[in-house]
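Let's take a walk through a protein fold together, one residue and one contact at a time. Have the sequence and the 3D view ready.

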Amino acid sequence: GKVTWVEGRSTIMHDKNGHSIGHLGTVVDISQRHQHQTELESALQNAQAATQAKSEFLATISHEIRTPMNGILGMVELALDTHLNQEQEQYLRTIRSSSIALLSVLNDILDFSKIEAGKLSLEAVPFDLEVVVQNALFMVQKKKEGKNIELILDFQPTRNLHHLLGDPLRLGQVLINLLSNAVKFTETGHVRLIVGERSSDKLTSTIVCRVEDTGIGMTPEQIGRLFQEFSQ
């Protein structure tokens, strides 16, 4: 009255003339193994469903929060264009920098959820390269407080790169991460962002961004772990 899952193996037996005369084989009850496999598959499906739900939630909440944050930033910019005393202006600039930092976190969360969903794509929107690199330096200014560090921008492009098409958000994220780490592990000296052009033609340009610092550096062993998950 019950179903039993089995695994069978057999070999053909031959007589002395080479004619097949039957099988010799074994049958093993694998019902328990099959049950475990079914339970594992069910658990995996549940985990994937939970991950998908989490990704959808993160994407939705990130979008929902970004809308009012952009509103706050817009109103701060308008307020900064009015007549303010020095204290009021400082308050508003602090609100602006904090809002930009929060937007950066939200964008990271949104990117992670897109990566999990396999939907991350690079944008092609107009941007000013110099504005992107200046903003990246501005975002790490606070991190160097209390340290004897000079932040230096070495902007070397050979032509006007104020009107480009690309993904300024992703470029800014990479630069901010590199600069933040450089500042974190540098106590004295400088952190330099060098922006140059490697090649270009009438329509495209290959931009090279380098971050160098006078910090503690990395050992060959640390460099070997550089792109492994969950390693610092």
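His 162 sits in the loop between β4 and β5 (164-166). Keep in mind, as you look for this residue, that the model is predicted. Is His 162 buried or exposed, or something in between? With a relative accessible area of 29%, His 162 counts as partly exposed. Setting aside residues up to four places away in sequence, His 162 touches Phe 127, Asp 128 and Glu 130. Thr 214 is another matter: His 162 and Thr 214 are 52 residues apart in sequence, and their C-alpha atoms are 30 Å apart in space.

Lys 147 belongs to the loop between α3 and β4. Lys 147 is partly exposed, at a relative accessible area of 22%. Which residues does Lys 147 touch, not counting those up to four places away in sequence? They are Val 183, Lys 184, Phe 185, Thr 186 and Glu 187. Between the C-alpha atoms of Lys 147 and Asp 111 there are 32 Å, and the two residues are 36 apart along the chain.

Asp 167 is found in the loop between β5 and α4. Asp 167 is buried because its relative accessible area is 11%, and buried means under 20%. Beyond its neighbours up to four places away in sequence, Asp 167 touches Ser 121, Leu 122, Glu 123 and Phe 127. Asp 167 and Pro 126 are 41 residues apart in sequence, with 8.3 Å from C-alpha to C-alpha.

**Salt bridges**

How many salt bridges does the structure hold? There are eight, and the table shows some of them.

| Pair | Closest N and O atoms |
|---|---|
| Arg 93 and Glu 89 | 2.9 Å |
| Arg 192 and Glu 212 | 3.0 Å |

Look at where the partners in the last row come from. Arg 192 lies in strand β6 (residues 188-200) and Glu 212 in strand β7 (residues 205-213), so this pair ties together parts that are 20 residues apart in sequence. Arg 192 is partly exposed, with a relative accessible area of 23%, and Glu 212 is partly exposed as well, at 33% relative accessibility.

Arg 93 is partly exposed at 35% relative accessibility, and Glu 89 is partly exposed with a relative accessible area of 30%. Elsewhere, Glu 7, Arg 9 and Arg 33 are linked in a network of salt bridges.

Helix α2 also holds Ser 99. At 6% relative accessibility, Ser 99 counts as buried. Apart from its neighbours within four places in sequence, Ser 99 is in contact with Met 69, Ile 72 and Leu 73.

**Two helices that cross**

Two packed helices are described by the angle between their axes and the distance between the axes. Here, helix α3 (residues 129-139) and helix α4 (residues 168-184) have axes that come within 9 Å and cross at roughly 35°. The crossing of α3 past α4 is right-handed. What meets at this contact? From α3 come Leu 129, Val 132, Val 133, Ala 136, Leu 137 and Met 139, and from α4 come Pro 168, Leu 171, Gly 172, Leu 175, Ile 176 and Leu 179. By class, that gives eleven nonpolar residues, one polar residue and no charged ones.

**The nonpolar core**

In soluble globular proteins, nonpolar side chains tend to be buried together. In this model the largest nonpolar core has 20 residues. Leu 129, Val 133, Leu 151, Leu 179, Val 191 and Leu 193 are the residues with the most contacts inside it. At least two core residues come from each of α3, β4 (148-155), α4 and β6. Which of these elements gives the most to the core? It is α3, with six residues.

Neighbours within four places in sequence aside, Val 133 is in contact with Leu 153, Phe 155, Leu 175, Leu 193 and Val 195.

Notes:
Residues are numbered from 1 along each chain as its sequence is written. This is a predicted model: local features need pLDDT of at least 70, side-chain atom pairs count only at pLDDT 80 or more; totals for chains, interfaces and linings use all residues. Side-chain values use heavy atoms; hydrogens and water are left out. A salt bridge is a side-chain nitrogen of Lys or Arg within 4 Å of a carboxyl oxygen of Asp or Glu. Buried means under 20% relative accessible area, exposed over 50%, partly exposed in between (1.4 Å probe, protein chains only). Helices (H or I, at least four residues) and strands (E, at least two) are DSSP runs, numbered from the N terminus. Axes are lines fitted to C-alpha atoms, for helices over the stretch in contact, and angles run from 0 to 180 degrees between N-to-C directions. A crossing is left-handed if the near helix is turned anticlockwise from the far one by less than a right angle, and right-handed if clockwise. Contact means heavy atoms within 4.5 Å. Ala, Val, Leu, Ile, Met, Phe, Trp, Tyr, Cys and Pro count as nonpolar, Asp, Glu, Lys and Arg as charged, and the others, Gly among them, as polar. A nonpolar core is a set of buried Ala, Val, Leu, Ile, Met, Phe, Trp, Tyr and Cys residues joined through side-chain atoms within 4.5 Å.
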